[in-house]
Amino acid sequence: MAISCTPAINNLPLNRHPTPVSITVNNERYFADHPLLLQLDRCSDSTQLKQIHARMLRIGLFSDPYSASKLIQVAAYSEVSSIQYAQKVFDQIPRPNLYSWNALIRSYASSQEPVNALLIFIKMLHGSDELPNKFTFPFLIKASALLSALSVGKGLHGMVLKSEFGSDLFVLNSLIHFYGECGCFDMAYRVFMSMPKRDVVSWNSMIVGLAQGGYAEESLDLFFRMEGENVRPNDVTMIGVLSACAKNLDLELGRSMHLYIRRNGIKESLVLNNAILDMYVKCGSMEDAKRLFDKMGVKDIISWTTMLVGYTKVGDFSAARSLFDTMPCQDIAAWNALISAYEQNGNPKEALATFNELQLRKEAKPDAVTLVCVLSACAQLGAIDLGGWIHVYINKHGINLNCHLTTALIDMYSKCGDLEKALEVFHSVDNRDVFVWSAMIAGFAMHGRGREAIGLFLKMQEAKVKPNSVTFTNLLSACSHSGLVDSGRGIFNQMESVFGVVPGVQHYACLVDILGRAGNLEEALDVIDNMPISAGASVWGALLGACRLHGNIDIGERACSNLLELEPQNDGAYVLLSNIYAKSGRWDKVSELRKLMRNSGLKKEPGCSLIEVDGNVHEFLVGDNTHPLSKNIYVKLDEIATRLTSVGYVPMKSQLLQLVEEEHVQEQALYLHSEKLAMAFGLISISPSQPIRIVKNLRICGDCHAAAKLISKLYNREIVLRDCYRFHHFKGGSCSCMDYW
DNA sequence: TTAGGGTTAG
């Protein structure tokens with residue numbers, strides 16, 4: 001390499017500045033300390049940047065590759081400018097050298113669309129004489145990591161090995177990070193071990209990668225090994241270690257790491273303090289978190305949001321909300337944290353109210369995360385109007401349908417009863433991960449379309465997407481809802497042997513459900529007796545449900561007693577057994593159970609039905625008369641009762657929880673069920689062309705199911721009812737569940 | 001040139 005120093009270009013109008021010096025490397029001149037370049041470093045707005053750019057063009061400095069590349073970098077990185085401007089600058093360079101190509105690739109690698117870094121690289125290979133150097137590879141590998149483009153990264157790895165940079169520290173560190181991001185920890189570790197020399201970044205890339213990829217133990221092991229090899233950890237190392245402690249919910253180790261940071265003089269930074277804060281929050285210690293938060297000299301919005309999440313995690317929503325209100329500013333992630341906390345903790349209405357507030361205040365713009373949370377809230381409430389509005393919003397604002405959003409949309413449409421729309425979303429996307437496939441399978445399952453669920457599972461295999469534990473829960477539940485006993489058995493048996501997914505309690509519960517519903521109660525009991533893991537409440541619950549369906553008192557009693565042993569507060573268990581007794585006229589046993597329930601301080605969870613009309617969700621409880629239109633609703637109920645009786649309908653009294661002597665009181669009690677109130681309200685307030693969509697918190701009672709079938713015929717209306725178990729589409733006098741529920 | 005903190009789905 002030849003380096004020489006020469007006086008700068010003399011004819012430039014630079015009299016007011018000290019004489020710049022150009023450096024020549026390999027016959028190319030660089031003006032590293034030209035005053036305009038120094039100005040470029042200090043440049044703070046786009047107008048200034050454009051002025052400097054213009055002057056560089058005027059005085060000819062732009063033709064210097066170093067100077068032009070510097071301009072590209074500033075254009076791309078400064079807050080006021082954009083990658084588009086950097087690209088324009090690049091396009092003006094007549095024959096860009098490797099330095100300029102690298103500057104542009106680097107800019108794209110850190111941009112919103114890192115794929116462009118790879119495209120520019122291809123352009124460089126085909127349209128110039130330049131070959132990548134040790135600087136090019138880390139940028140390209142970083143772009144591949146951001147894109148999780150495993151095959152691209154592997155290809156680059158191959159190129160690296162064939163090049164002279166096969167043992168370059170920076171290149172290899174990038175590869176460790178890349179493989180970690182793609183979840184290929186064996187490859188990451190292979191690169192790590194093959195390195196002739198490792199620095200703290202090599203260790204950090206492994207430690208952080210493992211912690212983020214869910215391998216907390218391995219990450220911590222590596223940290224202790226690093227210490228053993230006398231490599232001094234830095235703040236980034238500790239951020240990885242804290243994240244591993246948080247994943248393991250290991251408060252003790254987290255606390256000792258906090259102490260380690262103080263004792264070993266690790267550079268204190270805002271990011272590190274936030275990571276400690278996050279560890280305390282995730283491990284559930286708000287005392288530790290608050291102590292640190294109050295002591296922190298510098299806080300940013302991430303510190304505040306972490307505290308907000310902490311309060312929601314311990315269930316203190318009023319503290320969370322008041323913290324939110326006192327934050328110096330609220331960005332979209334802070335809003336999302338609040339909305340998501342409401343939605344995840346059984347308060348979807350508050351989630352929607354907060355979303356509404358966000359829109360009114362216009363301080364932050366909803367992003368994909370917001371919409372995912374709101375869609376989940378809509379799904380819980382069965383609020384299809386708002387859910388559909390969100391879908392339109394996504395399209396209107398050109399928001400990219402990532403897998404999270406696709407899944408949330410499919411789930412919302414499925415749970416709101418519009419399976420066709422869910423399918424439309426499913427087919428409209430190219431990118432389908434295991435979440436998307438599983439959500440669609442769940443959609444078919446809850447609508448009783450078991451064969452289509454299995455068909456989709458086969459297509460999922462063709463698409464080479466590996467099913468996981470949830471995929472199988474959904475598939476088995478599809479078999480259960482459609483009475484596909486042999487398919488269910490077959491799928492269960494293949495789970496581990498063919499797909500390597502070990503059956504968990506949920507899968508056993510589904511199998512017991514499949515067998516039990518089909519009447520094979522003995523076989524179901526046999527499955528439970530031979531389970532390699534202990535049968536959880538869901539397994540006994542499934543058996544008890546099947547006993548109710550088939551009126552089997554003996555097995556039902558056994559299931560109920562096992563269930564209550566595991567969950568003494570399970571009111572549903574009492575209700576199911578009580579239904580079994582009532583069905584066989586054992587009213588003595590019914591009142592005995594009733595007494596037992598009262599003595600243990602248990603109350604049946606009140607039935608509650610939701611119905612959305614014109615974007616507003618209305619809620620009905622049993623015997624509710626609080627609705628503004630209550631009077632009209634009861635008039636309609638009377639009319640329904642008369643019309644039902646006229647076609648020979650007889651109320652099913654076995655659905656009552658206790659023996660009520662007077663006939664008319666029995667009938668009245670059944671008419672007060674929340675789903676009947678919602679149906680009456682739907683009939684008077686929803687246009688006949690629209691289906692009446694209802695969401696019920698418990699399983700629909702047999703009497704309401706029979707009544708709904710008749711109502712759909714008598715009033716020529718489609719009723720779509722979701723209970724806590726599945727969907728019922730009532731039309732023309734019959735139900736889509738074919739009475740198999 | 002490489003590594004790092006808060007919010008999202010089945």
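Predicted model: local features only at pLDDT ≥ 70, side-chain atom pairs only at ≥ 80, totals over all residues.
DNA strand B is surrounded by 52 residues, the closest being Asn173, Asn204, Asn274, Asp300 and Gln344. By residue class, this surface divides into 23 nonpolar, 19 polar and 10 charged residues. Helix α19, spanning residues 332-344, makes the greatest contribution to the surface, with 6 residues.

Polar side-chain atoms also approach the bases of DNA strand B. For Asp300, such an atom is located 2.5 Å from a base nitrogen. The corresponding distance to a base nitrogen is 2.8 Å for a polar side-chain atom of Thr305 and 3.1 Å for one of Asn234.

Elsewhere in the description, an open sheet is formed by 6 strands in the order β5-β4-β6-β7-β8-β9, with mixed pairing. Its edge strands, β5 (616-621) and β9 (734-735), each pair on one side only. Strand β4 (residues 608-613) runs antiparallel to strand β6 (residues 692-696), to which 3 bridges join it; in this pairing, Ser609 stands opposite Lys696 of β6. Strands β4 and β5 are likewise antiparallel and are joined by 6 bridges, with Glu612 of the pair standing opposite Val617 in β5. These two strands, β4 and β5, form a hairpin with 2 residues between them, and Asp614 in the turn has a positive phi of about 50°.

Terms used
Residues numbered from 1 in each chain as written. Chains lettered and ligands numbered in written order. Heavy atoms only, no water. Pairing = 2+ DSSP bridges. Helix = DSSP H or I, 4+ residues; strand = E, 2+ residues; numbered from the N terminus. Near = heavy atom within 4 Å. Polar contact = N/O pair within 3.5 Å; in protein donor to acceptor, adjacent residues only side chain to side chain. Nonpolar A, V, L, I, M, F, W, Y, C, P; charged D, E, K, R; others polar.
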